[in-house]
Amino acid sequence: MKIKKLFTGNFKIYSFMVIAFLVVFVLSQMGLLSRHASSLLVPICINIILAVSLNLNVGFLGELTLGHAGFMSVGAYGGCLLSIALEAAAVPVLIRFPIAMIFGGLVAAAFSVVIGIPVLRLKGDYLAIVTLAFGEIIRSVIINLNFTGGAAGLKGTPQDSNYIICFVVIMIMLFLLLHLVNSKHGRAITAIRDNRIAAEACGINVTYYRLLTFVVAAFFAGVAGVLYGHNYSILTAGTFDYNKSIEILVIVVLGGMGSIMGSIISAIVITILPEAFRAVGDYRMLIYAIVLIIVMIVNASDRFIWLKDLLNPKYQINRFRNQRNAKKGKEAL
Amino acid sequence: MMNFFTSLINNLISGLSVGSIYALIALGYTMVYGIAKMLNFAHGDIIMVGAFAVIVSVSSLGLPSIIAILIAVAVCVVLGVVIEAIAYRPLRNASPLAVLITAIGVSYLLQNLALLIFGSTQYSFPRLFQMEAIHFGQITISGQSIITLLVTTIIMIALHFFINQTKIGKAMRAVSEDKGAAELMGISVNRTISVTFAIGSGLAAIAGLFYGLTYGFIGPYTGSMPGIKAFVAAVFGGIGSIPGAMLGGILLGVIESFSKAYISTELSDAIVFGILILVLTIRPFGLLGKKTNEKV
């Protein structure tokens, strides 16, 4: 009974992460991971953090935001600049890196407050386009600043990221976010998604909770940015354009909005997918696009419900049971 | 003082010319949004397809300009209708976000198809028209700006009459107002949406032509930035509103041209987006968008 508890509810997510981590850890200790595969581990973790935090906005609050990459870049630059300064002051990695991560997250959160207060008056597609615009503004401002290295990019960040640190960060994030989502505050946030006016009438401070969600999501985007910045030797603002935001959104929607487990799995799949198609060379992005379209249509269209049922093991098992029970019932008669 | 005045006029004209291209693209966005209630992220890439269609038919097949343009429009119209029928029609009742992601998938598909066919090099766009620039004292209007402005003005007037005077236009307005009620009145919603996509994609082909003429080079990813800017323009004017898209596009072009000339070339995009945010915080429904009150 106790073991079963580990695989239901929130524990399911923790267990999945721990098992996945242990598998990867054992494989890499045994030297079974190719260099290419192990170079994917940190990007996978970063995408998990980005997707889960964006899911907070899109899935739980129900607001489409397209500026997640903007917050990621602000956090990345904040964290990397601090890291460079701390490294010069000879602060050891174990102190330097967590401070850089928290600092990067806080910078992103601060930006999200500044942006959120005017922007959160808007709704729906208007909110989407304005967050997209903010992401683009952040990008072009960073390119035109001197201390960020400009268009050439920021060099000299210590390469501290590895998948073990990323795993620890993911576990902390999951612990915090799952507690937030399952708390009174989380219920307020989902209430706003389901019916804003009704939530407001129940005394929920809609503006406060919208801003809270926005800021928390931005904080973790910033942390992901810091991890990203410490994974490569050079950080360029060009990587954080709206295409990056859209990529994260694709992960969230494919994983299922409001499903944290879904975001994690989809982040892993979407990061590996284009790499897995590397064998087909030039066709890989084409295949990726076609797979994306087909998955979306089959998943969301009402014409393909039969196919979804066909592929769903739970549905098949239930159907089998029902048929058997019906037969038994007849025999009993 | 006189110099400043002439540069002001020159920049205004180039802004109007670029802005009218944005307006053509924004019209496609806004019509599709108004009628199918979806953000067609692949719209920007239709521009690229149109521009490549012109390049292929002029440079490789050696066809005359007019026929090349007609081919480009035909290719884009067919493409738009086919995309709608295959990718978007099955999702008519799905959540808007699912449709959005599918549209992004279509955008990736078009970009990567173009990448496979044409490679990542930039193709120079053929000079289709030779028209002398007009000089008014120190003010110079390039022939290209004149053609762009002339054609887009004619298209916009024609579109205005089409929407307001014809039967199909009336059907389009009805579908955008209330899909269910329109269907009960005997309007074929699917056909109306197809027509909308056809018109939007045709306009995108023309926009692709003028974009190529203005900037000279076309590559597989050319469509995405003007696409995003036109999307911004459509929201700026109030998404779903046709005059709004025209106004938004032209304003966007003028603002961009002025900020490039007088403030900073690198920051011009940031300024354009900044003004958009400013406008939306003051008028949350865009310049000409209708304010809809929420009903409880």
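Q: Leaving aside its neighbours within four places in sequence, with which residues is B:Ile199 in contact?
A: This is a predicted model, in which local features need pLDDT of at least 70, side-chain atom pairs count only at pLDDT 80 or more, and totals for chains, interfaces and linings use all residues. Residues are numbered from 1 along each chain as its sequence is written, chains are lettered from A and ligands numbered from 1 in the order in which they are written, and side-chain values use heavy atoms, with hydrogens and water left out. B:Ile199 is found in helix H8 (residues 189-215) of chain B, where helices are DSSP runs of H or I of at least four residues and strands are E runs of at least two, numbered from the N terminus. With contact meaning heavy atoms within 4.5 Å, and with neighbours within four places in sequence left aside, the partners of B:Ile199 are B:Met31, B:Leu159, B:Phe162 and B:Met172.

Q: What separation do the C-alpha atoms of B:Ile199 and B:Val32 have?
A: Along the chain, B:Ile199 and B:Val32 are 167 residues apart.

Q: At roughly what angle do the axes of helix H2 and helix H3 of chain B cross?
A: Axes are lines fitted to C-alpha atoms, for helices over the stretch in contact, and angles run from 0 to 180 degrees between N-to-C directions. Residues of H2(B) that include B:Gly50, B:Ala53 and B:Ser57 meet residues of H3(B) that include B:Ala72, B:Val75 and B:Cys76. The axes of H2(B) (residues 43-60) and H3(B) (residues 65-88) come within 8 Å, and their crossing angle is roughly 145°.

Q: Which element gives the largest share of the side of chain A that touches chain B?
A: The interface brings 43 residues of chain A into contact with 48 residues of chain B, and the rule finds zero salt bridges across it, a salt bridge being a side-chain nitrogen of Lys or Arg within 4 Å of a carboxyl oxygen of Asp or Glu. The elements that give two or more residues to the chain A side are helices H7 (124-143), H10 (196-201), H12 (242-255) and H14 (284-300) of chain A. The largest share, eleven residues, comes from H7(A).

Q: At about what angle do helix H5 of chain A and H7(A) pack?
A: In this pair, A:Gly70, A:Ser73, A:Val74 and A:Tyr77 in H5(A) meet A:Gly135, A:Ile138 and A:Ile142 in H7(A). The axes of H5(A) (residues 68-88) and H7(A) are 8 Å apart, and the packing angle is about 35°.

Q: How many residues apart in sequence are the parts that the pair of A:Asp160 and A:Arg96 ties together?
A: A:Asp160 forms a salt bridge with A:Arg96, the closest N and O atoms being 2.9 Å apart. Because A:Asp160 lies in the loop between strand E1 (154-155) and helix H8 (163-181) of chain A, and A:Arg96 in helix H6 (residues 93-119) of chain A, the pair ties together parts whose separation in sequence is 64 residues.
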